[in-house]
Amino acid sequence: MIQIGVVGKPNTGKTTFFVASTLVDAKIASYPFTTIDANRGVGYVRIECVCKDLGVKDTPVNSLCIEGNRFVPVELIDVAGLVPDAWRGRGLGNKFLDELRRASVLVHVVDASGGTDEEGRVIKPGTHDPIEDIIFLEREIDMWIFQILKRDWDRLVKYATISKERASKLISDKLSGLGITMESTERAMEELGLARKKLQEWSDDELLEFIHILRSFSKPMLIAANKSDIPEAEDNIKRMKKELKDYIIIPTSAVSELALRKAAEKGLIKYLPGSEDFIILKEKELTQKQLKGLEYIRENVLKKWGNTGVQQAIDTAVLELLKYIVVFPVEDELRLTDHHGRVLPDALLMPMGSTARDLAYSIHTELGDKFIQAIDVRTKRRLGAEYRLKHRDVIKIVARR
Ligand SMILES: Nc1nc2c(ncn2[C@@H]2O[C@H](COP(=O)(O)OP(=O)(O)OP(=O)(O)O)[C@@H](O)[C@H]2O)c(=O)[nH]1
Ligand SMILES: [Mg+2]
């Protein structure tokens with residue numbers, strides 16, 4: 001399953017974002033370092049299901065379908081807050097970042113209201129600049145990788161001189177646990193003109209710059225400009241969008257999303273994660289305070305920003321930043337079922353550019369090995385092994401027995 005790391009300084013709402021997305025219980029509080037051990041849970045990417053186009057009532061197995069929206073599972077990891085110089089061991093240090101080794105994308109939860117200082121202590125909203133947090137956090141993550149590489153750097157340099165191994169191979173081997181590939185290592189070296197420079201001639205600054213680029217390839221980051229419900233956040237978000245053109249910035253109100261999902265879970269309101277509004281179902285069971293809270297969310301979050309942003313942040317991280325697509329494999333191309341008769345049972349996240357054969361392999365090694373052809377269920381067209389899958393394709397794999 002794709003892993004999404006939720007990162008940021010303390011007290012920005014990382015755990016609130018995590019709980020809102022997963023409905024896993026975890027401790028939330030208004031002081032730094034509430035989270036010590038990482039929380040893990042299942043969240044969902046929301047896409048338009050194919051059931052409507054195909055005019056069928058589906059019976060999802062690996063995912064959920066609610067009113068024509070398919071929710072495809074991804075794993076979220078909520079870690080402890082990082083403070084400046086965590087890489088030197090400040091705060092809780094950065095060892096917990098090891099939890100993020102396998103994460104393929106990061107959601108950086110920023111306190112866009114500017115109501116927490118660089119250590120996460122509560123201050124008056126509007127007094128801290130969230131842009132500083134973005135720069136600092138990237139540096140901390142870069143330094144974490146720097147340290148991993150520096151630990152064995154001398155040995156690595158020596159080995160590179162005596163062996164015939166390419167530098168990119170040695171570096172990517174060292175960092176393979178972080179999901180860093182040789183291809184992205186070479187790309188980063190090219191970009192900085194380091195490809196032909198001997199490792200022993202790299203300065204620490206060059207190494208850091210290299211890591212910065214490498215990190216952006218292998219752990220791309222999306223900014224969740226959180227606490228968008230607080231009035232002071234508005235100007236900050238506008239400024240962030242203007243000044244940080246290279247970043248994807250999504251205004252979020254994790255606390256609102258959490259309130260809405262909890263109320264929906266209890267059947268008090270009707271609300272689908274990511275939607276622009278909700279409907280009150282059981283007004284009599286809601287207290288005055290709850291009703292006021294819901295009205296506040298409607299006026300100050302949903303009408304202002306279009307949504308709470310939490311679902312959008314997950315969707316954008318996976319579909320736009322990571323460039324994944326969702327494919328629906330079926331065994332019976334007429335009834336759109338698996339061999340148990342379940343209609344459109346699975347929705348699979350695959351990297352953009354994946355082929356029909358990749359899909360077969362991701363279902364089962366044997367299916368990949370015995371692949372003959374695929375069928376586009378919508379058009380009944382035959383597809384070869386190298387056919388590049390499209391988002392929302394419905395595919396039958398034909399294999400030898
Ligand atoms: N106004 C507002 N408050 C929020 C929002 N999200 C979280 N908070 C509040 O921010 C405080 C910190 O929330 P947590 O989710 O515990 O933050 P965290 O980033 O996990 O904190 P650590 O685990 O200590 O690093 C709590 O008081 C939350 O209620 C939001 O969208 N809007
Ligand atoms: Mg937390």
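A polar contact is a pair of N or O atoms within 3.5 Å; within protein, one atom must be able to donate a hydrogen and the other to accept it, and residues adjacent in sequence count only if both atoms are side-chain atoms. The views below come from a predicted model, in which local features need pLDDT of at least 70 and side-chain atom pairs count only at pLDDT 80 or more, while totals for chains, interfaces and linings use all residues. Residues are numbered from 1 along each chain as its sequence is written, chains are lettered from A and ligands numbered from 1 in the order in which they are written, and side-chain values use heavy atoms, with hydrogens and water left out.

**View 1. Surroundings of ligand 1.**
Ligand 1 is surrounded by 23 residues (a residue counts if one of its heavy atoms lies within 4 Å). The closest are Lys14, Thr16, Phe33, Thr34 and Asp229. In the side chain of Asp229, an N or O atom is 2.7 Å from a nitrogen atom of ligand 1. Thr35 places a polar side-chain atom 2.8 Å from an oxygen atom of the ligand. From Tyr31, a polar backbone atom is 3.3 Å from an oxygen atom of ligand 1.

**View 2. The magnesium ion, ligand 2.**
Thr15 and Thr35 are the protein donors, each through OG1, at 1.9 to 2.0 Å from the magnesium ion. Thr15 belongs to helix H1 (residues 14-22) and Thr35 to the loop between H1 and strand E2 (39-48), so the pair ties together parts that are 20 residues apart in sequence. Donors here are N, O and S atoms within 2.8 Å of the metal (3.2 Å for Na, K and Ca); water is not among the atoms, so sites may look incomplete. Helices (H or I, at least four residues) and strands (E, at least two) are DSSP runs, numbered from the N terminus. Both Thr15 and Thr35 are buried, where buried means under 20% relative accessible area, exposed over 50%, and partly exposed in between (1.4 Å probe, protein chains only).

**View 3. Strand E6 and its partners.**
Six of the six residues of strand E6 (residues 221-226) are buried, so the strand is largely enclosed by the rest of the structure. Met221, Ile223 and Ala225 cover one side, and Leu222, Ala224 and Asn226 the other; all are buried. Strand E5 (residues 105-111) pairs with E6 in the parallel sense over six bridges, pairing being assigned if DSSP finds at least two bridges between two strands. Ala224 in E6 is the bridge partner of Val109. Strand E7 (residues 249-251) also pairs with E6 in the parallel sense, over three bridges. Ile249 in E7 stands opposite Ile223. From E6 the chain crosses through helix H8 (residues 233-243) to E7 in a right-handed β-α-β crossover; with the strands pointing away from the viewer, right-handed means that the path from the first strand over the helix to the second runs clockwise.

**View 4. Ala313 in helix H11.**
Helix H11 spans residues 310-321 and contains Ala313. With 0% relative accessibility, Ala313 counts as buried. Residues up to four places away in sequence aside, Ala313 touches Phe17, Leu222, Ile250 and Thr252; contact means heavy atoms within 4.5 Å. Gly368 is 55 residues from Ala313 along the chain, and their C-alpha atoms are separated by 33 Å.

**View 5. Asp133 in helix H3.**
Asp133 sits in helix H3 (residues 130-151) and counts as buried at 3% relative accessibility. Its side chain makes a polar contact of 3.0 Å with the side chain of Lys9. Neighbours within four places in sequence aside, Asp133 is in contact with Lys9, His108 and His128.

**View 6. Phe278 in the loop between strands E8 and E9.**
The loop holding Phe278 runs between strand E8 (269-270) and strand E9 (279-280). Phe278 counts as buried, at 3% relative accessibility. Leaving out residues up to four places away in sequence, Phe278 touches Leu260, Ile269, Lys270, Tyr271, Leu294, Arg298 and Leu302.

**View 7. Positive phi at Glu67 and Asp85.**
Most residues other than glycine have a negative phi. Glu67 has a positive phi, near 45°; this residue lies in the loop between strand E3 (64-66) and strand E4 (69-78) and is exposed, with a relative accessible area of 52%. Asp85, also not a glycine, has a positive phi of about 70°. Asp85 lies in the loop between E4 and E5 and is partly exposed, at 30% relative accessible area.
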